[in-house]
Amino acid sequence: MPRKKPFSSKQKKLQLQEKRRRKKREDDSSDDSEKDHSASKDTSRLEVNKQPVNIGTEKYDPNRYRLHFFKESRDEINARKLRAKKEPIKPKKEADLEVDFESVYRPGSVLDIPKRPPWDYSMSKAQLEAREEKYFQKYIHGIMEEHSPKELSYFEMNLETWRQLWRVLEISDVLLLIVDVRTPVLHFSPALYSHVTQTLRKSMILVINKIDLAPRALTVAWKHYLKTKFPELKIVLFSSNPSEAAFAKGGELQQQRRVFKRGRINRYTDSVGPLQLLRVCQEIVGNKVDLSSWEEKIHAYADQEEDVVDESPPSEEKEGHEMFKGGVLTIGCVGYPNVGKSSLLNGLVGRKVVSVSKTPGHTKHFQTILLTPTVKLCDCPGLVFPSLVDKSLQIIAGIFPIAQVREPYSVIGFLGERINLPKLLNLKHPDIEDGDEWTAFDVCEAWALKKGFLTAKAARPDAYRAVSFQRMALVYTCLCLRPPGYTADQELWIHHQETKQLSEELSKFEVRDEEESEGESTDEEIQQAEVFEKGDNSSESEEESEEGGLMSGTNPFAALAGDN
């Protein structure tokens with residue numbers, strides 16, 4: 001990568017001028033694009049986390065692997081804002097949290113994943129890229145012809161990111177599809193499952209990650225539902241930080257100690273699932289690959305400080321992939337953004353080898369890590385597959401960056417329909433005359449008054465700034481989808497034998513974490529933890545902390561997480 005040039009104020013001014021001109025052109029053409037809807041479907045895109053490009057630099061494009069979603073029209077955004085201010089929040093029933101795959105993905109339709117077009121070594125690079133570009137544009141056009149942007153979810157429209165998935169699928173012997181236990185139906189694409197198991201003839205392992213952030217009974221119910229729905233699927237329950245299940249239950253000081261100690265976690269002894277994943281891989285490969293070194297690594301973690309080697313991604317994959325070439329098992333990790341792929345890799349390796357972030361799209365390019373001499377891991381960037389799920393649910397699930405949401409009030413309304421936010425956050429209605437009628441905008445205004453978020457000139461409640469508590473809803477568990485029939489059979493799953501076993505396994509980590517926390521932190525460590533955890537919010541009053549809030553000792557969303 002070439003050395004970066006200084007970004008002067010003059011260049012910044014030129015960049016802002018170009019941005020204003022581009023925005024003006026978009027506004028002028030918005031009316032025409034609404035009339036000619038089919039023409040605007042393929043051209044209007046929103047680049048997430050876009051970075052400034054130095055003028056005159058052409059060799060390196062920092063936005064090449066950025067997330068690309070279709071851009072909603074300004075009229076649609078304004079209409080949603082108006083509804084958030086006028087329409088009261090109507091609570092949903094518990095059964096409305098039950099979601100099936102047919103209503104989200106519609107297998108066999110145009111929403112299926114794009115597959116890499118046929119290619120061979122006689123083709124030049126330009127010919128191959130032109131063929132892939134033509135195929136992908138046809139794929140996007142087909143989706144937009146059949147579905148309107150209003151009913152479609154956000155999905156990846158950057159061909160470069162799809163190319164990363166194609167290469168990972170080609171070079172991998174076994175695919176790990178990682179899903180978040182809170183929204184597995186959102187993260188599991190039946191089209192990807194069919195492509196891997198039927199077309200590529202490869203094994204797929206579903207890793208249900210972050211099991212410490214959901215009720216144990218719900219985790220077991222999702223496992224059984226997915227196994228019944230997809231018989232060839234092998235399922236592993238995983239958590240990189242099972243001790244975090246006690247995070248919401250501890251006091252503020254205990255939380256700060258955990259935050260400060262988080263960088264010193266022994267990943268193997270603090271992870272649930274590595275041994276189970278090894279057993280499944282042994283069942284798949286049989287005698288074709290020697291996995292004894294992996295098992296020895298798990299049982300003897302203390303002696304493995306220098307056996308992890310990062311490799312550069314292969315420049316090209318060979319036609320007709322040879323399984324287990326050279327006696328090495330290549331495991332590809334794929335999934336949506338923010339499901340914990342990179343954290344899972346760190347948990348498998350036993351220490352931090354890839355960076356992680358709550359921001360979707362943090363991993364830009366697929367990367368390979370040598371776990372042992374016979375096991376290689378391949379981390380794929382997060383990909384958002386086409387579906388018909390509500391966009392607000394995608395934002396709550398961490399698929400879309402919260403900081404770049406253009407209209408956040410409908411997200412609060414979606415959350416308020418499923419969770420009693422005024423009661424949970426201890427809010428007082430900003431307008432006494434309306435009584436118990438809450439709109440999404442009222443919730444934001446009430447939270448702004450409680451936290452002291454006021455506009456600079458008129459000192460009105462800053463409702464737009466108040467939507468920051470949706471980040472709290474993302475970090476802490478507050479909404480879990482359910483498999484069909486779970487509400488009626490909830491008692492059955494609570495007393496299920498596997499639920500009891502899972503609770504006992506996770507409780508071991510909680511008890512051990514509490515024992516390690518007692519008397520171990522010095523006053524200096526606690527003070528550093530307070531600075532790290534509180535940041536700029538340390539000036540909040542004690543009275544406000546007692547009422548409950550983002551930085552209070554008891555997180556208001558914690559009551560919805562980690563229960564058996």
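Asp180 and Arg182 are both buried, where buried denotes a relative accessible area under 20%, exposed over 50%, and partly exposed the range in between (1.4 Å probe, protein chains only). The two residues form a salt bridge in which the closest N and O atoms are 2.8 Å apart; a salt bridge is defined as a side-chain nitrogen of Lys or Arg within 4 Å of a carboxyl oxygen of Asp or Glu. The structure is a predicted model, in which local features require pLDDT of at least 70 and side-chain atom pairs count only at pLDDT 80 or more, while totals for chains, interfaces and linings use all residues. Residues are numbered from 1 along each chain as its sequence is written, and side-chain values use heavy atoms, with hydrogens and water left out.

By the distance rule, 15 salt bridges were counted. One of these joins Arg116 to Glu170, with 2.9 Å between the closest N and O atoms. Because Arg116 lies in the loop between helix 4 (101-104) and helix 5 (125-146) whereas Glu170 belongs to helix 6 (residues 159-171), the pair ties together parts that are 54 residues apart in sequence. Helices (H or I, at least four residues) and strands (E, at least two) are DSSP runs, numbered from the N terminus. Arg116 is buried at 14% relative accessibility, whereas Glu170 is partly exposed at 21%. Both residues also belong to a network of salt bridges that links Arg116, Glu132, Glu160, Arg163 and Glu170. A further salt bridge connects the side chains of Glu417 and Arg418 (3.1 Å, N to O); Arg418 is partly exposed, with a relative accessible area of 24%, and Glu417 is likewise partly exposed, at 24%.

Glu132, a member of the network, is also one of the buried residues of helix 5, together with Leu128, Phe136, Tyr139, Ile140, Ile143 and Met144. These residues cover an arc of only 130° around the axis, which places them on the same side of helix 5; the arc is taken over the directions from the helix axis to the C-beta atoms. Ala126, Lys134 and Lys138 are exposed on the other side of helix 5. The helix comprises 22 residues and reaches 32 Å from its first C-alpha to its last, close to the expected 32 Å, which is 1.5 Å times one less than the number of residues.

Positive phi values near 60° occur in the non-glycine residues Arg201 and Lys210. Arg201 is situated in the loop between helix 8 (190-199) and strand 4 (203-209) and is exposed, at 66% relative accessibility. Lys210 occupies the loop between strand 4 and helix 9 (216-229) and is buried, with a relative accessible area of 19%.
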